[in-house]
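Please look over the structure shown below before reading on. The explanation that follows is meant for a reader who is new to it.

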Amino acid sequence: MEPGALLVEGLEVVYGRSVRALRGVSLDVPGNGVVAVLGANGAGKSTLLRAVSGTLSLHRGTIAGGSIRYDGARLGGRDPAAIVRAGVVQVPEGRRVFAHLTVAENLRAGTLGRRGRAAGIRAEHDRVLDLFPVLAERREQRAGLLSGGEQQMLAIGRALMAAPRLLLLDEPSLGLAPRMVGRIAGVIREIAARGTAVLLVEQNATIALDLAEKAYVLDVGEVRLAGASADLARTDEVRRLYLGEPVESEGTPAPVRTAPRRALGRWTG
Amino acid sequence: MTKLAEIVLNGLALGSVYALIALGFVVIFKASGVINFAHASLLLLGGFTVAKLHDDLGFTLALLVAVVVTAAVAGLVEMVFIRGLGRTEVHTLTILTIGVDILLTTELTRRIGSDVLSLGDPWRAGVRDWNGVHIADARIACVVVAVVLIGTFFAAFRFTAWGLSMRAAAEDREAAALMGVRLGRVQLIAWCVAGALAAVAAVFLAAFPSAGLDRSTGQIALAAFPAAILGGMDSAAGALLGSLLVGLTSALTAGYQSDLSWLGANLGDVAPYVVMLLVLIWRPTGLLGSRERARV
């Protein structure tokens, strides 16, 4: 197995006793580059990230089957703090910065899960401010007073302070102005270029397919399509459902179809 | 004038004891979302431990042991009831703390009986006289100790990793967990800190001019409850402000009792609650509480 790779195999997640949110999801994220997961609302994208980051229990969810391995070690069932220490850090959906804390304190909060001390943290701090100069200007402001785009930058910067080797991004473009979406995309490209692997979950397929080398399409808790982003962008299904383009021709090369889609999900009670 | 000065000084001393207790309420509420009704019994436990040990160990060591014991018992309550039942609604856990309070208080009351226990504090009944203003040594010590402890608490809250974890977790548990904050440990430390502060508060509640520790000492902790609420329940600074307000109100109403006799006796006991109600009518989330208390 490649170092720093995330390997999810046959993952099953259940909320409460009966709501099955993921069924047999398998995907792998190499130790560098960007991998995207596309899907509509309720497809199970956030559930997948929660399973990886160990926060399912905060939502009364449990892993009912399958495995999650990172860099050779099991992640499934470990607590979020252990997963952060393993180098996997998530930026939650909706930014979720600590609104009453200052920008500087938010960044410092990103280091709470780290073992390493002062020197490494200062280097990380400089890198983050280099990536987001606006955060340096707003250091002493409360995070709640930042604009949506700035909050997204802060949320990403806060996660980077934990020195992740794999960054999980949950819908970073959600609710942002188009210009800001472009800037965030640039930042993600920059992060990947600096050697941090990125697992990007997005509804905005245009951006996700543009950034990622490889992509998965989740639908009702199953991986419906998987393949190289360029190939996926050419399929009718993705163009129609996620890129909003009318489909005129048939017979585009079909990418790997990993699981046949059932018409109706079974309700396991 | 000297009477007013005495009353104000006593009010501040009382307020600083309440602050030690109210901070405990706030820190537990921030960490667990639970209002800890077992706080009164923890305070009684702290005082009882000092009373039992001071003959053999001397006051300072006895207090130290009491702080450790109370912190440990508070931590135990957290581990057994609060974390162990972590998936339960916080309302249920809050009611559970009433049960813990009853159990612990009953046992302590059985041991204390109708005795009034001396805590062997070094201030005894000493009274200082400044140009006719009389104030008990114990009250001066109380203010000094409270200022030091509360100052340390606020510094820790603001500057240490634990304080930051605590504030981050209070604001957004999931986001804090995603940053690698160990929520269980933050919560455990919060309970221990609250227990430790309660043990110190017990000493000053039982010190002169009180006769000593008796089985009802724990109930005085309840006066810190309106202090925490009117400060805003989730604000440490608010708790401090509320405590001083409650302390001063109690002292003033008790001091001018004779002029207020048309309102009936024991006004000092009722006054904190009246202040609390008035403040809450004016500001429903307390003086410094977060505006957004419950999200739907």
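Predicted model: local features only at pLDDT ≥ 70, side-chain atom pairs only at ≥ 80, totals over all residues.

Residues are numbered from 1 along each chain as its sequence is written, and chains are lettered from A and ligands numbered from 1 in the order in which they are written.

Chain A contains 10 helices and 10 strands; helices (H or I, at least four residues) and strands (E, at least two) are DSSP runs, numbered from the N terminus. Of the 269 residues in chain A, 54% are buried, where buried means under 20% relative accessible area, exposed over 50%, and partly exposed in between (1.4 Å probe, protein chains only). A contact means heavy atoms within 4.5 Å. Among the contacts in chain A with a separation of 6 or more, 69% join residues 24 or more positions apart.

The contact between the two chains draws 29 residues from chain A and 20 residues from chain B. Together the chains bury about 2,200 Å², with 59% of it on carbon and sulfur atoms; buried area is the accessible area (1.4 Å probe) that two parts lose on being put together, summed over both. Four salt bridges are counted between chain B and chain A, a salt bridge being a side-chain nitrogen of Lys or Arg within 4 Å of a carboxyl oxygen of Asp or Glu. One side-chain pair that meets in this way is Arg96(A) and Glu174(B), at 3.0 Å from N to O. On the side of chain B that touches chain A, helix H5 (137-159), helix H6 (161-171) and helix H7 (173-178) of chain B each supply at least two residues. H6(B) gives the largest share of that side, six residues.

Leaving aside residues up to four places away in sequence, Glu105(A) touches Arg158(B), Leu164(B) and Arg167(B).

H5(B) also has a buried side to consider. Its buried residues are Asp137(B), Ala138(B), Arg139(B), Ala141(B), Cys142(B), Ala146(B), Ile150(B), Phe153(B) and Phe157(B). The elements covering them include helix H1 (2-32), strand E1 (127-130), H6 and helix H8 (183-206) of chain B.

Over all chains, the structure holds 21 salt bridges. In one of them, Asp71(A) pairs with Arg165(A), the closest N and O atoms being 3.1 Å apart. Asp71(A) lies in the loop between strand E4 (61-70) and strand E5 (73-74) of chain A, and Arg165(A) in the loop between helix H6 (148-160) and strand E7 (166-170) of chain A, so the pair ties together parts that are 94 residues apart in sequence. Asp71(A) is partly exposed at 34% relative accessibility, and Arg165(A) is partly exposed at 39%. Another salt bridge joins the side chains of Glu190(A) and Arg194(A), at 2.9 Å from N to O. Glu190(A) counts as partly exposed at 33% relative accessibility, as does Arg194(A) at 30%. Across the two chains, salt bridges that share partners join Arg96(A), Asp172(B) and Glu174(B) into one network.

Note on methods:
Heavy atoms only, no water.
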